[in-house]
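I opened a new notebook page for this one. Below are my entries, in the order I looked things up.

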Amino acid sequence: MGNPDFGLDFSFLKSSLINERIAFTGGCIGGASLNCINFVVAMNLCPCGYFPDLGKCRCSLLERKRYMGRVSGPLLDRMDICITVEPPEIGAIIRDGRKTGQTGSKEMAERVKTARRIQKERYEGTEILYNSHLTGEMIKKHCKLDRPTEKMLGEIFRQRDLSPRAYYRTLKLSRTVADLEGSGRIEKEHVIEALSYTSGLDIFSKGAMDKI
Ligand SMILES: [Zn+2]
């Protein structure tokens, strides 16, 4: 997405995500099933690109609000993962991006491969390929939580006034976190980790800009 201020109406993305298809128009007509692609977008948080570093950001509050307002709530509600990314520390760059104790790309790739194999076996004989494809009864069947974890998640959603779509998205994401850990059961820590992957949505919530 990069800069959401370049004049496009992003509402087309919302209907595309609902229908799980993207149609390209204007000189290039075609389509792609969203079941087959990962939809990945990135954006700055203000026109100058430095927010939330108020020491460097040259934008007014109004400019920032207008900029962020270009991305609609319903579109954000369809994002499985939304995180803010901090600039890397200079020390990490010098160490070639490696940090002690962090999972390396090679190890992560192996875990993803294993998680995909687990999902392939789990959904064998169905049209489901990945956890993200689960709907309705399939979510209830494969994303069961124990009572205390279910209660915790329910309370968080009530406090944050989040949508049922966001609730199911968190369950599916928790299933994937559990698969990456090689766990058959979704534990409380898997749900907490899944919730952390949508923390970037908070910056879009009402009044969030005023608080910074
Ligand atoms: Zn700025």
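**Entry 1: ground rules.** Before looking at any packing, I noted how axes work here: they are lines fitted to C-alpha atoms, for helices over the stretch in contact, and angles run from 0 to 180 degrees between N-to-C directions. Helices (H or I, at least four residues) and strands (E, at least two) are DSSP runs, numbered from the N terminus. The model is a predicted one, where local features need pLDDT of at least 70, side-chain atom pairs count only at pLDDT 80 or more, and totals for chains, interfaces and linings use all residues. Residues are numbered from 1 along each chain as its sequence is written.

**Entry 2: the whole chain.** I found 10 helices and two strands in the protein chain. Read from the N terminus, the order of elements is α-β-β-α-α-α-α-α-α-α-α-α. I then looked up burial: a residue is buried if 20 or more other C-beta atoms lie within 10 Å of its own, exposed if 12 or fewer, and partly exposed in between, with C-beta atoms placed from the backbone. Buried residues come to 13% of the 212 residues in the protein chain. For contacts, two residues count if their C-beta atoms, placed from the backbone, lie within 7 Å. Among the chain's contacts between residues at least 6 apart in sequence, 56% join residues at least 24 apart.

**Entry 3: helix 7 on helix 9.** Two packed helices are described by the angle between their axes and the distance between the axes. For helix 7 (residues 147–160) and helix 9 (residues 188–196), I got an angle of about 20° and axes 10 Å apart. Angles under 35 degrees count as roughly parallel, over 145 as roughly antiparallel, 65 to 115 as roughly perpendicular and the rest as oblique. Helix 7 and helix 9 are therefore roughly parallel to each other. Their crossing is right-handed; a crossing is left-handed if the near helix is turned anticlockwise from the far one by less than a right angle, and right-handed if clockwise. Which residues make the contact of helix 7 and helix 9? Helix 7 brings Thr-149, Met-152, Leu-153 and Ile-156, while helix 9 brings Lys-188, Val-191 and Leu-195. By class I noted five nonpolar, one polar and one charged for this contact. The classes are these: Ala, Val, Leu, Ile, Met, Phe, Trp, Tyr, Cys and Pro count as nonpolar, Asp, Glu, Lys and Arg as charged, and the others, Gly among them, as polar.

**Entry 4: helix 8 and its partners.** Helix 8 packs on helix 9 at about 115°, and their axes are 8 Å apart. This crossing is right-handed. On the helix 8 side I listed Thr-170, Leu-173, Ser-174, Val-177 and Ala-178, which meet His-190, Val-191, Glu-193, Ala-194 and Leu-195 of helix 9. The contact of helix 8 with helix 9 has six nonpolar, three polar and one charged.

Next came helix 5 (residues 105–122), which packs with helix 8 at about 115°, with axes 8 Å apart. Helix 5 also makes a right-handed crossing with helix 8. Here Arg-111, Ala-115, Ile-118 and Gln-119 of helix 5 meet Thr-176, Asp-179 and Leu-180 of helix 8. I counted three nonpolar, two polar and two charged residues in the contact of helix 5 with helix 8.

**Entry 5: the core.** A nonpolar core is a set of buried Ala, Val, Leu, Ile, Met, Phe, Trp, Tyr and Cys residues joined through C-beta atoms within 7 Å. The largest one has 10 residues, including Leu-134, Cys-143, Leu-153, Leu-173 and Val-191. Helix 8 (164–180) and helix 9 each give at least two residues to this core, and helix 8 has the largest share, four residues.

**Entry 6: Val-191.** I went back to Val-191, which sits in helix 9. Is Val-191 buried or exposed? Val-191 is buried, because 24 other C-beta atoms lie within 10 Å. Not counting residues up to four places away in sequence, Val-191 touches Leu-145, Thr-149, Leu-153, Thr-170, Ser-174 and Ile-186. Val-191 and Leu-153 are 38 residues apart along the chain, with 7.9 Å between their C-alpha atoms.

Entry 7: Pro-148 is in helix 7 and counts as exposed, with 9 C-beta neighbours inside 10 Å. Pro-148 is 40 residues from Lys-188 in sequence, and their C-alpha atoms are 8.3 Å apart.

Most residues other than glycine have a negative phi, and most peptide bonds are trans. Asp-161, not a glycine, has a positive phi of about 50°. I placed Asp-161 in the loop between helix 7 and helix 8. The peptide bond from Phe-51 to Pro-52 is cis, with omega near 15°, and Pro-52 is in the loop between strand 2 (30–33) and helix 2 (61–68).
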